[in-house]
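Subject: A structure to look at

Hi,

Here is the structure I said I would pass on to you. Please open it alongside this email, and read on once you have it on screen.

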Amino acid sequence: MVLLVEDTPDTLDAFAHFLRGAGFRVETATNGREAVEKTQSSRPDVVVMDLALPELDGWEATHRIKSDPITRHTPVIAFTGHAFQQSKESARQAGCDAFLTKPLDPAALVSEILRVVELARQTRALARAGARYELFLYVSPGSAPSLAARRILEQLLQDFDPSVVRFEVREISSTLSKAEADRIGFTPTLLLSRDGETPERITGDLADANNVGQRLREAGLPQRRPKDQD
């Protein structure tokens with residue numbers, strides 16, 4: 001999915017129409033704040049970002065996207081009428097993965113989208129190849145939803161490589177640090193940490209095995225090797 005961010009209606013409509021015709025699913029935003037929010041909620045494959053935007057400009061919007069652990073790997077293509085080298089350097093420093101100048105042949109935009117999406121896919125694959133994962137399930141003692149979530153996780157994790165995936169159940173207690181308690185908020189809560197990074201919340205209904213399994217696969221947890229299934 002492409003998130004197209006542009007505050008000029010005619011340009012937004014024209015490029016959205018072309019991209020849909022080229023086979024992309026397209027969502028749109030008309031300011032930088034909306035772009036950040038939609039990147040967090042929709043998790044697009046790529047963001048095509050105008051830089052001169054209202055409320056929050058494209059440089060700052062890109063910086064916020066790239067500073068968020070959840071969205072930092074989302075490629076961002078700067079798409080702007082500013083052709084100055086300074087604008088290009090500022091876009092690079094903000095975290096943009098590519099820089100295109102208007103006016104632009106829409107076919108060139110499609111080519112660049114395909115390039116950065118494939119590069120991002122390869123980067124994620126390399127990162128996941130050597131990654132280690134930790135899953136933390138926070139539960140309330142005696143809680144039926146917590147028990148159900150634990151059973152579902154224990155069953156699902158049989159499908160993933162135990163050499164790189166560690167699962168830990170943590171009961172809520174008074175000994176929990178304030179920072180950890182604030183991060184959880186409620187139970188049951190499932191957090192995922194990759195290579196010791198700050199844990200991210202696994203969203204959705206933890207009592208829904210299909211939802212949890214899909215979220216774990218999307219997070220990149222490696223499947224159990226065939227020899228491990230004997």
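Below is what was found in it, from the whole chain down to single residues.

First, some ground rules. This is a predicted model, in which local features need pLDDT of at least 70 and side-chain atom pairs count only at pLDDT 80 or more, while totals for chains, interfaces and linings use all residues. Residues are numbered from 1 along each chain as its sequence is written, and side-chain values use heavy atoms, with hydrogens and water left out.

**The whole chain**

The protein chain has eight helices and nine strands; these are DSSP runs numbered from the N terminus, with helices being H or I of at least four residues and strands E of at least two. Its C-alpha trace spans about 60 × 40 × 30 Å along the principal axes. Of the 230 residues, 39% are buried (buried is under 20% relative accessible area, exposed over 50%, partly exposed in between, with a 1.4 Å probe and protein chains only). Among contacts (heavy atoms within 4.5 Å) with a separation of 6 or more, 64% are between residues 24 or more positions apart.

**A sheet and its helix**

Four strands form an open sheet in the order β7-β6-β8-β9, with mixed pairing (two strands pair if DSSP finds at least two bridges between them). Its edge strands, β7 (165-171) and β9 (200-201), each pair on one side only. β6 and β7 run parallel and are joined by seven bridges, and Y138 stands opposite R170 in β7. Helix α6 lies across β6, β7 and β8, at about 160° to β6; axes here are lines fitted to C-alpha atoms, for helices over the stretch in contact, and angles run from 0 to 180 degrees between N-to-C directions.

S146 is a residue of α6, and it counts as buried at 2% relative accessibility. Beyond its neighbours within four places in sequence, S146 touches V139, S140, T187 and P188.

**The core**

Which residues have the most contacts inside the largest nonpolar core? They are L135, L157, V165, L190, L216 and L221, in a core of 21 residues. Such a core is a set of buried Ala, Val, Leu, Ile, Met, Phe, Trp, Tyr and Cys residues joined through side-chain atoms within 4.5 Å. The elements giving two or more residues to this core are β6 (133-139), α6 (144-156), β8 (189-194) and α8 (209-218). Setting aside neighbours within four places, L221 is in contact with Y133, L135, L157, F160, V165, L192 and L216.

**Helix α3**

In α3 (residues 58-67) the buried residues are G58, A61, T62, I65 and K66. Seen down the helix axis, they fall within an arc of 130°, so they line one face of α3 (the arc is that of the directions from the axis to the C-beta atoms). D57 caps the N-terminal end of α3, with a side-chain oxygen 3.1 Å from the backbone nitrogen of W59.

Most residues other than glycine have a negative phi, and most peptide bonds are trans. R43, in the loop between α2 (32-42) and β3 (46-49), has a positive phi near 50°. E55, in the loop between β3 and α3, has a positive phi of about 70°; E55 is exposed at 60% relative accessible area. A cis peptide bond, with omega about -5°, joins K102 and P103. P103 is exposed too, at 82% relative accessibility.

Best wishes

Technical notes: A polar contact is a pair of N or O atoms within 3.5 Å; within protein, one must be able to donate a hydrogen and the other to accept it, and residues adjacent in sequence count only if both atoms are side-chain atoms.
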